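Colleague: I want to learn how to read a protein interface. Can you take me through one?

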Amino acid sequence: MRTLRALVWKESLHVLRDRRTLGVLLLLPVFQVLIFGYAIRTDVGTVRLAVVDPAPDAATRALAARFAGSPTFAPVATLPVPDGLDRLFRRGAADAALVFAPGFGERLGRGEPADLLVVTDATEPNTGATVASYALAVVQGFERERAAAAGGVGGGAAGLVPRVRLRFNPTAESKNLFVPGLVAFVLTIVSSLMTAITLAREKEVGTMETLLVSPLRPGQIVAGKVAPYLLIGFAGAVGVIALAQLVFDVPLRGSLVLLLGEVLLFLLVSLALGVLISARAKSQRVAMTGALLGTMLPTLMLSGFIFPVESMPRPLQWLSHAVPAKWFIAVARGVLLKGVGLDHLWQETLVLAAMALVLLALAARSFRPRLE
Amino acid sequence: MRARRVLALARAEVLHVVRDRVTLGQVLVVPIVQLLVLVHAATFVLRDTPTYVVDQDGSRVSRGLVGRLAASGHFEVVGVSASAGAGEEGLLSGEAALVMTLPPGLERSLVRDGRGVVGLQLDAARGTAAAVGRGYAASVLADAAREIAAETGGDRPAAPRIDVRVRHWYNPGLDYRHYMVPGILVALVTLVGTVLAAQSVARENELGTLEQLRVTPLARSELVAAKLLPLWVLGMVDLGIGLAVGKLAFDVPLRGDLSALFAAAAVYLVVALAIGLFISTVVDTQQQAMFVAFFVLNVYLLLSGLLTPIDAMAPWVEVVSRANPVRWFVGLSRDVLVRGAGWADVAQPFAILCVFAAVTLTLAILRVRKRAA
């Protein structure tokens, strides 16, 4: 035990002495929280609207004014012909366009259907679809108003009115959503990537052999090398959660103890993965590539952190079941936003626990620092 | 600077890369795998929102709605019952992302007053998934309402109608991959340039082989040029491969002037390599180089509009992001590939990239000189 403590102390000194790496490890969570809190939004901002009106009349002007009056649309240009639209879009000067057909007001006055074309810049498809639905809502409001002005019951056409409640995140702010994913991300960097690289470095530089002749058993060497990162990882996770609470007011509705327990579980999984990768890697670069491909990318892309798992093709959805971060994020979202406890989260927790057990066992077996 | 000496060392560097399976994998295989996986994974387009229907009406209309929901292709009905508690349980356990409540008397009020209220509860903890699911649910309801109105209310006077057609330019099929491929290509080029440049110089430093090169007749600038030249070529090759994969595997449009894209990439790679070179001068070991490079790229890529549109960012972040070269190249790449822009349209971002290249390269070289002194 005393020898193990000495090794842990030595490894901690290593970590503390390497200021640059330590700086990155400590700054990374802070930067991530700030970037995601301030910069990353998935909601659609103001839409710059171009209006193409070949024959302005009272109706087209009224509808255009209605668009200008809505909080979403800001008119930037009015053109007589649609020819210049492409140019506006390409320069990024407009996001959407409203194209009136000639005789719009006249047809509307006669009670005939009048043609209106809504053009969106759908380079980013979600923005395109959302902008189109905003535009439709404005047009429907315009129709309702005209119908009411005409004084008929016609405005009350059969309708199924959705009454929407956004549960768990009523303001639909993306800042409330990023914390679980960020915790997973930070833990993956610190535990998987760092552990893999440190152990591989020891092999590459040849100091692993020096450790071998010490009275420590291989398991103890691994434990000693991994211990500081367990601490840093845990501190990073707590830091992300605390920062998000203090600066961005992100809710914590469930039990903090449960959340920290799950953090620990996920940390063990990540560390075991790091050890496993380093056992197979001969050099730091191999370890780094392996950790990036095997842990970082799946945590970023296949966990539901940024992109919803439900949207992916089936094979990727199956693959996502093998990504520990997916289960951790589900649990963390449950605790933070829904405020549910183990009675709802036992399945995810069980999966994480099973992963931790299997991976730790594999890691312990795989790590045999031998002379070659 | 002697071209022959530079080329000789550059050839040695190329041999290093080709002989070393790891680097070759890093450069050729990883990008393609990334492209193939990322492009499939990086999508906000929603299919199969797991939906629980609380049907308290039990009428023809309510059953019709359940059928419509399932048939729309956007929802997977995970359960139907009259119990609101079961719906709540589905939301809490995460089995359902949407609970649609059809209250008692829905059909009656729809027939009598022409109006009915349908409850939609969305799991907003799922973020975008909720917003998109809400849109699809609303359109299913609107379609159903229209059909019911056509069946029952034929006697009502027609209201003045506006026939709205929607056209989605540049991406009529709303295919997310067409949006992501140009962005991911930029990320690949950036990774190859910055990470490899930082790593290769830091590696020579760590192993002590940089010292050995110092006693050769090579000048410092020649050394830098020789180390970066092969990486620059690799970056361009990666872009070409990436474009080919994007075209063949995802049918991504290549609408604009490709010469503008490659010219911009040539300039942008200088920026990426200079940043990597700069990083290599502030670190001692490969490990530090990887971490600093990783950290810098992380901030750059997240603030570039690669994953989420710049327009949606807070206004001051948008201003800050103008100092980010990645932002300009991501924008240019999408302008050219998706919007079909030519030289005239992208002249501004191209000029900005040139300025970035000049500034970052000067800074990196000054830093290399200072360190050598």
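**Reading the interface**

Modeller: Between chain B and chain A, twelve residue pairs are in polar contact, both residues at pLDDT 80 or more. A polar contact is a pair of N or O atoms within 3.5 Å; within protein, one must be able to donate a hydrogen and the other to accept it, and residues adjacent in sequence count only if both atoms are side-chain atoms. This is a predicted model: local features need pLDDT of at least 70, side-chain atom pairs count only at pLDDT 80 or more, and totals for chains, interfaces and linings use all residues. Residues are numbered from 1 along each chain as its sequence is written, chains are lettered from A and ligands numbered from 1 in the order written, and side-chain values use heavy atoms, without hydrogens and water.

Colleague: How many salt bridges cross the interface of chain B and chain A?

Modeller: A salt bridge puts a side-chain nitrogen of Lys or Arg within 4 Å of a carboxyl oxygen of Asp or Glu. The rule finds two here. One joins B:Arg339 to A:Asp121, at 2.9 Å, N to O.

Colleague: How much area do chain B and chain A bury between them?

Modeller: Buried area is the accessible area (1.4 Å probe) that two parts lose on being put together, summed over both. Here that is about 9,600 Å², 63% of it on carbon and sulfur atoms. B:Ile162, B:Trp169 and B:Phe291 supply 8% of the area that chain B buries against chain A, more than any other three residues.

Colleague: How many residues of chain B are in contact with chain A?

Modeller: Contact means heavy atoms within 4.5 Å. By that rule, 104 residues of chain B touch 100 of chain A.
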